[in-house]
Amino acid sequence: GSWRSYDDDQYVTGIGGPSTFAWGIMFPAETLSEGQNITKTALFDVAASTGDVCIYYGGTTKPETLIHKQEYKTTGAGEWVEIELTTPLPLFGENLWVVYTTNEGQGYPAAACANSGDPNGRWITLDNTVWEDVASYNLPYSWMIRAYIEGEGVESIVELGSSFNVYPNPAKNQLFVETEMNVEEISVYDTFGRLMTTVNGQQKTVDVSELNNGVYFVRIKSNNEVI
């Protein structure tokens, strides 16, 4: 795995003022590898604060779909703080947002370095509705936020084709995958991107009897593709 970010690791200043605000970075889908996972985030601890780290899929000028949220806490230690996500989140070919939100902005908790030149490293919102480039406030900085991406990745993600038959749909007890191709792994995710169950592809049968009623995504890894 590796850390992805827009910072140069040289802290310059803390940004804040409004009690409630959020700051974040976005990685375009084309810069990520489908089939990998985000497992950790990190922020530079410049001031004591509490709040949430939020992971979103989709959106180009604002985050679109919230798929994960968990609490964070900093103490002003002047060092990087890593937040291990409670569940790995798979990358499905969507833009990836890593956002921190707090109600203690008066302590200037958003650590920033010199401007990297990429606007995706400097998003901010004061109302969680309108997202802006922090440079529009005459603040020439980028956020010191990072995402840890790991996993082997795949060459491509394709739609289910005639070479696969997944049935029944809807399923109540067992889900069957019928194909002549070599299946390595079958996984089921909920609509928040959380892994519900995974089986070795040789089984080609998934027990879904314990899942709550709802919509799920089936991810089939085969011949270095993800369907």
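# A first look at this predicted structure

Val98 touches Trp23, Gly24, Ile25, Phe27, Ile38, Thr41, Val53, Cys54, Ile55, Ile145 and Ala147, leaving aside residues up to four places away in sequence. Please keep in mind that this is a predicted model.

**The nonpolar cores**

- The largest nonpolar core has 30 residues, and Val98 is among those that touch the most other members, together with Trp23, Ile38, Leu96, Tyr100 and Trp143.
- Strand β3, which covers residues 21–27, supplies the largest share of this core, with four residues.
- There is also a second, separate core of eleven residues, including Leu175, Ile186, Val206 and Ile220.

- Ser49 belongs to strand β5, which spans residues 48–57.
- Is Ser49 buried or exposed? Ser49 is buried, because its relative accessible area is 3%, below the 20% cut-off.
- Beyond its neighbours within four places in sequence, Ser49 is in contact with Tyr72, Lys73, Thr74, Thr102, Glu104 and Pro109.

**A three-stranded open sheet**

- Three strands make up an open sheet, in the order β2-β9-β12, with antiparallel pairing.
- Strands β2 (11–15) and β12 (141–143) stand at the edges with a single partner strand each, so one side of each has no neighbour in the sheet.
- From one strand to the next, the twist averages 45 degrees.
- Strand β9 (residues 110–114) is joined to β2 by four bridges, and three bridges join β9 to β12.
- On the β12 side, Ala114 stands opposite Tyr141.
- Strand β9 is mostly covered, with four of its five residues buried.

**Salt bridges**

- Side chains of opposite charge can pair when their charged atoms come close.
- How many salt bridges are there? The count comes to six.
- Arg146 forms one with Asp9, and their closest N and O atoms are 3.3 Å apart.
- This pair links distant parts of the chain: Arg146 is in strand β13 (residues 145–150) and Asp9 is in the loop between β1 (2–5) and β2, 137 residues apart.
- Arg146 counts as buried at 16% relative accessibility, whereas Asp9 is partly exposed at 40%.
- Asp7 joins Asp9 and Arg146 in a network of salt bridges.
- Arg122 and Asp133 meet through their side chains in another salt bridge, at 2.6 Å from N to O.
- Arg122 lies in the loop between β9 and β10 (123–125) and Asp133 in strand β11 (residues 131–133), so this pair ties together parts that are eleven residues apart in sequence.
- Arg122 is buried, with 9% relative accessibility, and Asp133 is partly exposed, with 21%.
- Arg194 and Asp190 also meet in a salt bridge, with 2.7 Å from N to O.
- In this pair Arg194 is partly exposed at 37% relative accessible area, while Asp190 is buried at 8%.

**Cysteines**

- How many disulfides does a search of the whole structure find? The search finds zero.

How values were computed:
Residues numbered from 1 in each chain as written. Predicted model: local features only at pLDDT ≥ 70, side-chain atom pairs only at ≥ 80, totals over all residues. Heavy atoms only, no water. Disulfide = S-S within 2.5 Å. Core = buried A, V, L, I, M, F, W, Y, C linked by side-chain atoms within 4.5 Å. Buried < 20%, exposed > 50% of the residue type's maximum accessible area, 1.4 Å probe, protein only. Helix = DSSP H or I, 4+ residues; strand = E, 2+ residues; numbered from the N terminus. Contact = heavy atoms within 4.5 Å. Pairing = 2+ DSSP bridges. Axes fitted to C-alpha atoms, helices over the stretch in contact; angles between N-to-C directions. Salt bridge = Lys/Arg side-chain N within 4 Å of Asp/Glu carboxyl O.
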